Amino acid sequence: MPNRTILDSRLLLLLILLRFFFFYSSSVPVQALTSPTDISALKAFKASIKPSSIPPWSCLASWNFATDPCAVPRRTQFICGLTCNYNSTRVTQLVLDPAGYSGTLNPLISHLSQLTTLDLSDNSFFGPIPSSISSLSNLQTLTLRSNSFSGSLPASITSLKSLESLDLSHNSLNGFIPNPMNSLSNLRRFDLSYNKLSGSLPKLPPHLLELALKHNSLSGSLSKSSFDRLTQLEVIELSENAFTGTLQAWFFLMPSLQQVDLANNNLTRIEVLKPAGGKSELVAVDLGFNKIEGHLPMNFTGHPLLSSLSIRDNRLRGTIPLEYSKTKFLRRLFLDGNFLIGKPPAGFFERDNPVSGSLGDNCLQGCPTSSQLCAPHQKPYAVCKQVYGGKPRS
């Protein structure tokens, strides 16, 4: 019995010590040693933001430099907005909340040399993107989406060799896209949509998965050299620009291509070939609101997974190939607003046909008014006669 009493006493003492240890370690901050260079950069970053735009509940409001930025636990100071490395010495991520912060991006941001993520999206930052940002050699994600940044995109951005995602959409950037961009060999996602960029498309990074440049003022033809070796590219969004000329056959043969949006440009012709062996990943194509002439390409039906096709509001002539009513996966077809003639394939109007969309506003004959596909009405006969220089023929 005495031995058991001694054992119980020791266990009780051990439990008390463990409880004290855990209480002490959770209530006393670990002394961090954040790099003085990082601290200076963070101070400069906050100082460039208007104090009146920092709400009391926001991340930046908790940035009190009387406390070490990387000190843990963070209960009242630096509660959000930044992440440090495992030993609390360097800042690795700066991700602000969408609190409406207004200010400029201080060039000293480049001193956060271990930064892998910089995300200031959905705020009101303005002014230029500093060229010094190119010093962030470890940066993998740069997201400045939905701000008011202006000026040109710094050419030095092409030196960010580790960059995997670049999203500068919904700003007021102007000028040209730096050429070439293919030095960004790790870039997977590239989004400069909704800016004021002009000029032609440069040579693109070789490992892109997604390209989004819609709603700019980009122009010129789409050159094969810009898309050279882009074997992994899945999504192309280039709508609402001023691209011209012919969309050549190589474009739709890119091996991983799934979605294409080139609506609202000035394209005049398209060339489409059947993919070799019937192998294609193409699912959706939007070429609406261009100036495309010629006949409706039959070879789109050779892309077996194509489920959505829009070539509405162009200048297409001729008949609708019968093959369009026989494709296995086609679900949405918009050919309205052209000058197509003849009778549309009867297969479109069978009871079990799954295709929706519109064949209206053409010069078709015998398009059943009871079918939603035939809405709106066809063009007046006089318009069709003028386009075809006489009576439209099937």
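Predicted model: local features only at pLDDT ≥ 70, side-chain atom pairs only at ≥ 80, totals over all residues.
**Strands 13 and 15**

I began with strand 13 (residues 217-220), which runs parallel to strand 15 and is joined to strand 15 by two bridges. I count strands as paired if DSSP finds at least two bridges between them. Helices (H or I, at least four residues) and strands (E, at least two) are DSSP runs, numbered from the N terminus. Across from Gly220 I found Phe243 of strand 15.

Residues are numbered from 1 along each chain as its sequence is written, and side-chain values use heavy atoms, with hydrogens and water left out.

Which sheet order did I find? I traced an open sheet of eight strands with parallel pairing, in the order 3-5-7-9-11-13-15-17. Strand 3 and strand 17 are the edges with a single partner strand each, so one side of each has no neighbour in the sheet.

Next I looked at strand 5. Strand 3 (residues 102-103) pairs with strand 5 over two bridges in the parallel sense, and Ser102 has Ser124 as its bridge partner in strand 5. Strand 5 is also joined to strand 7 (residues 148-152) by two bridges, again parallel. There I saw Gly127 opposite Phe149 of strand 7.

I then followed the side chains along strand 5 (residues 124-127), and they alternate. For burial I use under 20% relative accessible area as buried, over 50% as exposed, and partly exposed in between (1.4 Å probe, protein chains only). I kept the general rule beside this: in a regular strand, side chains alternate between the two faces of the sheet.

**The core**

I looked up the largest nonpolar core, which has 92 residues. Such a core is a set of buried Ala, Val, Leu, Ile, Met, Phe, Trp, Tyr and Cys residues joined through side-chain atoms within 4.5 Å. The members that touch the most others are Phe45, Leu94, Phe190, Phe227, Phe251 and Phe300. Helix 2, strand 1, strand 2, strand 15 (242-247) and strand 17 (266-270) each supply at least two residues of this core. Helix 2 gives the largest share, three residues.

What does Phe45 contact, beyond its neighbours within four places in sequence? I listed Leu60, Trp63, Leu94, Leu96, Leu105, Asn106, Ile109, Leu120 and Phe125. Contact here means heavy atoms within 4.5 Å.

**Salt bridges**

I counted 12 salt bridges, taking one as a side-chain nitrogen of Lys or Arg within 4 Å of a carboxyl oxygen of Asp or Glu.

Asp38 lies in helix 2 (residues 36-47) and Arg90 in the loop between strand 1 (82-84) and strand 2 (91-95), so the pair ties together parts 52 residues apart in sequence. Asp38 is buried, with a relative accessible area of 0%.

Then I turned to Asp167 and Arg145, whose closest N and O atoms are 3.1 Å apart. Asp167 is in strand 8 (residues 165-167) and Arg145 in the loop between strand 6 (141-143) and strand 7, so this pair links distant parts of the chain, 22 residues apart. Asp167 is buried at 1% relative accessibility, whereas Arg145 is partly exposed at 27%.

Asp191 and Arg189 also meet in a salt bridge, at 3.8 Å from N to O. Asp191 is buried at 11%, and Arg189 is partly exposed at 31%. Where do these lead? I found a network of salt bridges linking Asp122, Arg145, Asp167, Arg189, Asp191 and Glu210.

I noted a cis peptide bond between Val72 and Pro73, with omega about -5 degrees; Pro73 is in the loop between helix 2 and strand 1. Another cis bond joins Ala375 and Pro376, with omega about -5 degrees. Pro376 sits in the loop between strand 25 (363-364) and helix 3 (381-387).

Which residues other than glycine gave me a positive phi? Phe289 has phi near 60 degrees, lies in the loop between strand 18 (284-286) and strand 19 (293-295), and is partly exposed at 40%. Asp361 has phi near 55 degrees, lies in the loop between strand 24 (356-358) and strand 25, and is partly exposed at 28%.
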